[in-house]
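Colleague: I am new to this structure and would like to learn how to read its helices and strands. Could you take me through some of them?

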Amino acid sequence: MNYLTVEKLSKSIGEKELFTDITFGLEKGQKTALIARNGSGKSTLLNIIAGYDVPDSGQVVIRNDISVSYLPQMDKFADNYSVLDAIFDSQAPIIKAFKEYEACLALSASDTASSDIHERLQKAMLDMDRLQAWDFEARAKEILSRFGINDIFKNINELSGGQRKKAALAKTLLSDTDLLILDEPTNHLDVEMIEWLENYLQAANVTLLMVTHDRYFLDQVCNDILEIDHGNLYRYRGKYDYFVEKKAERLANAAAENDKLRQLFRKELEWVHTSPQARTSKARARINAFENLKAEVSKAPEQKQEGFKVRTERLGNKILEINNLDFSYPNNVLLNDFSYIFKKGEKCGIVGPNGTGKSTLLKLIMGELKANGGKITPGLTIQFGYFAQDGLPYAGNKRIIDLVKEQAEVIRLDNGNYMGASQFLNHFGFKYEQQYTYYEDLSGGEKRKLHLLITLLKNPNFLILDEPTNDFDIDTLNLLEDFLENYTGCILMVSHDRWFMNKLVDHIFVFEGNGKIKDYYGNYTEYRIERDKELKIQKRIAKNNAAPEDVKTKPTRAANPNKMSFKERKEFETLEVEIEQLEKEKSELIEKLNSGNGTSQELTDWSKRYQDVESSLDEKSMRWLELSEKE
């Protein structure tokens, strides 16, 4: 029996129909992503499943014996709760014991702690022992520290929007749940936190349904994809690459079918125009059939948008020079003696934990902040296009098309032709009828997209982009990627979207904290693989060098550390065979996962085996690397 069954669900908002007769089920352990264009009803569907909204028709059936946890886009915290009470808002005995223990711990640490407080703490510890709550406490502390939630007695209303989102995600993950429903869980998380969440969800023994626009995250966690397209639901039992391939096939088949309908429509239209209005029942039936055919033809599938190149202003030999740049706040160094000279056509990404100075560097380049030391020298021909996280600096309320035309009536293409502002907006999803909507009536994601498009419309030759992918649907991300791939100017961008970064950048600045910035030539995934190998080697070296101080070791004859022992040589030869076998098994598993032919249980088993193989392959490769240095 399914954990979750959705039967013939339909929902409209006003005159807009979001989806019709949606039906699907989720089995135990299934991890599914739900994707669609913005405004297609993704979040509404999750709200209905979680009981926050009601459908126009249809029903949601959740098995009686399972628990459900839901992360909505907007948190539902009660006012004047502490962070502790907001996250652990439950009367479960283990939660009550944990909250009492934390409260007593905080009180006992104060200078005014009384003997009653210490007795209360002892009782709380006994309750923790009795309920075997220490594992829960360790898990709670790990999740809270990962999300940077340190002051759990702070009022929840004092947190920023990003911090509240992290608190809501922590609450959802800490719930003892069977069915986990997440709406954009990676929002406000930096790359390292997203990677931690990936690993957590991969290992979690839960059934998962989530909305996400992060394609790399989706690919790592899910092997089942649901898509809402023009109100209909389509299912793809595979990862993101499989979804892209099968969706392209579906659209091609729909286009071919529509071509046939159009040919038939033209034939029937000719009959209607040339034949008199016959009174026979046969003729009336044909006219009725023609009207139905006309309605079908009007539902033609959208044609794939063709990419295009814009013509940027010529860049001189000198682009942008940064020399010995320093910037810090009291007790927080963000940039320390940073220098770099940009080259023509360079595409550079910036990654690092939140608070390490990524956006600060962009603001320094744009003159919004003043450096403590050093110099930034732009070339004479440079024209910046700056997309900031703050949004459009417009006062008042204007129509979309008017805002755009204030910046540019047309955009010049690389082939010498021109594209009108309205056509440019349409290409990126602002349909012609929507372009007369007022700015204040747009959603947050639509406002961000309009800001980005106005930035691109100005024909800059150096783009500076701060988190350009936030709140965009996957179709918009693909269009933006195509545009930026064809862009001939320089790009410097901050993004936590690894798929986006991998596709576009030549190298990355890694902000490591305390003013340290590493310039890595390659994409983020290549950097992460190399960094993980270095960390594993360092851990292995530290482990081999570490010895308990209180253990007396027997003196041994010094051996040549650079020469393989007989045992090591045998191990080295065995490792080569094992690595080859694991590589072969890994390739076979990838083929199985991408085929989409297996049952949900088989897909789950293959996914778990793939993780085991990947882990074993990393471990054996590290050992082979150590031995090969001796060889």
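Predicted model: local features only at pLDDT ≥ 70, side-chain atom pairs only at ≥ 80, totals over all residues.

Colleague: Which residues of α3 are buried, and what covers them?

Modeller: Buried here stands for under 20% relative accessible area. In α3 the buried residues include I95, F98, Y101 and C104, and the cover over the buried residues includes α2 (83-87), α4 (115-130) and α5 (134-146).

Colleague: How do the axes of α3 and α5 cross?

Modeller: The two axes come within 10 Å of each other and cross at roughly 65°. Because angles of 65 to 115 degrees count as roughly perpendicular, α3 is described as roughly perpendicular to α5. The contact is made from α3 by I94, I95, F98, Y101 and E102, and from α5 by W134, F136, E137, A140 and K141.

Colleague: In what order do the strands of the open sheet lie?

Modeller: The three strands follow the order β11-β10-β13 with antiparallel pairing, and β11 (332-341) and β13 (373-378) are the edge strands, each pairing on one side only. From one strand to the next the twist averages 20°. Five bridges join β10 (residues 320-329) to β13, where P378 stands opposite L320.

Colleague: Which helix lies across β10, β11 and β13?

Modeller: That is α11 (residues 358-365), which runs at about 125° to β10.

Notes:
Residues numbered from 1 in each chain as written. Heavy atoms only, no water. Buried < 20%, exposed > 50% of the residue type's maximum accessible area, 1.4 Å probe, protein only. Helix = DSSP H or I, 4+ residues; strand = E, 2+ residues; numbered from the N terminus. Contact = heavy atoms within 4.5 Å. Pairing = 2+ DSSP bridges. Axes fitted to C-alpha atoms, helices over the stretch in contact; angles between N-to-C directions. Parallel < 35°, antiparallel > 145°, perpendicular 65-115°, else oblique.
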